[in-house]
Amino acid sequence: MLGYLVSGADHTVYSLRDLLLLNRGELLPALKGLMERALAHLDGCLLCRAHGFVCEVCKNFADVIYPFETRKCVRCPVCGNCFHRSCFESVKGRCSRCERMRARKLKDGERVKKDN
C-alpha cells in the first residue's frame with residue numbers, strides 16, 4: 001500500500017490518498033506495519049544490513065543501527081556517522097570519525113610543511 005515510500009521516491013511528498021488515510025486515522029498504523037516489515041527484512045538481508053552502522057563507541061557488531069531509528073540512534077551533525085544515543089551522550093557528543101579526520105588533516109598539514 002505505501003511501498004512507494006521506500007522505493008527511493010521522495011519520502012517527504014505525500015499523496016492525496018495518504019492525506020485521506022491520515023484524516024481517517026489509518027496512515028499511522030499502515031506506516032507502523034511498513035516499518036515492521038522493513039525491520040524484519042533488515043534482520044535477514046545481509047546486503048541491506050551492510051548499509052547500517054556499527055556504533056564506534058561500544059562497537060557492538062550484533063546491534064547494527066540505522067539513521068531512521070531515531071529513538072535509538074543519533075547522527076553526528078558534521079559527518080553523519082551514527083551512534084547509539086546513550087553511547088554518544090557518554091562521550092559528550094564527541095564524534096570519533098570527526099576526530100580521526102581532524103587528526104589526519106593536521107598530520108597532512110605537517111607533512112606539507114616538511115616537504116616545503
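Me: What are the ground rules here?
Reply: The model is predicted, so local features need pLDDT of at least 70, side-chain atom pairs count only at pLDDT 80 or more, and totals for chains, interfaces and linings use all residues. Residues are numbered from 1 along each chain as its sequence is written, and side-chain values use heavy atoms, with hydrogens and water left out.

Me: How many salt bridges in the whole structure?
Reply: The search finds 4. The rule is a side-chain nitrogen of Lys or Arg within 4 Å of a carboxyl oxygen of Asp or Glu.

Me: What does Glu-56 pair with?
Reply: Arg-100. Their closest N and O atoms are 2.7 Å apart.

Me: And where do Glu-56 and Arg-100 sit?
Reply: Glu-56 is in the loop between helix 3 (46–49) and strand 1 (73–75), and Arg-100 is in helix 5 (residues 96–115). The pair therefore ties together parts 44 residues apart in sequence. Helices (H or I, at least four residues) and strands (E, at least two) are DSSP runs, numbered from the N terminus.

Me: Is Arg-100 buried, exposed or partly exposed?
Reply: Partly exposed, with a relative accessible area of 40%. Buried means under 20%, exposed over 50%, partly exposed in between (1.4 Å probe, protein chains only).

Me: What about Arg-24, which partner does it have?
Reply: Glu-26, in a salt bridge at 3.3 Å, N to O. Arg-24 is exposed at 53%. Glu-26 is partly exposed at 36%.

Me: Now Lys-72. Which side chain does it bridge to?
Reply: Asp-63, at 2.7 Å, N to O. Lys-72 is partly exposed, at 30% relative accessibility.

Me: How far is Lys-72 from Glu-69?
Reply: 4.0 Å. Lys and Arg count as positive, Asp and Glu as negative; His and the chain ends are not counted.

Me: What does Glu-69 touch, then?
Reply: Leaving aside neighbours within four places in sequence, Glu-69 is in contact (heavy atoms within 4.5 Å) with Leu-39 and Val-64. A polar atom of the Glu-69 side chain also lies 2.9 Å from the backbone nitrogen of Tyr-66.

Me: Switching to rings. How many aromatic pairs?
Reply: The count is 2. Rings of Phe, Tyr and Trp (its six-membered ring) pair if their centres lie within 6.5 Å; planes under 30 degrees apart count as stacked, over 60 as edge-to-face, the rest as tilted. Tyr-66 and Phe-68 form a stacked pair, 5.6 Å centre to centre with 15° between the planes.

Me: Tyr-66: buried or exposed?
Reply: Buried, at 6%. Phe-68 is partly exposed, at 36%.

Key. Polar contact = N/O pair within 3.5 Å; in protein donor to acceptor, adjacent residues only side chain to side chain.
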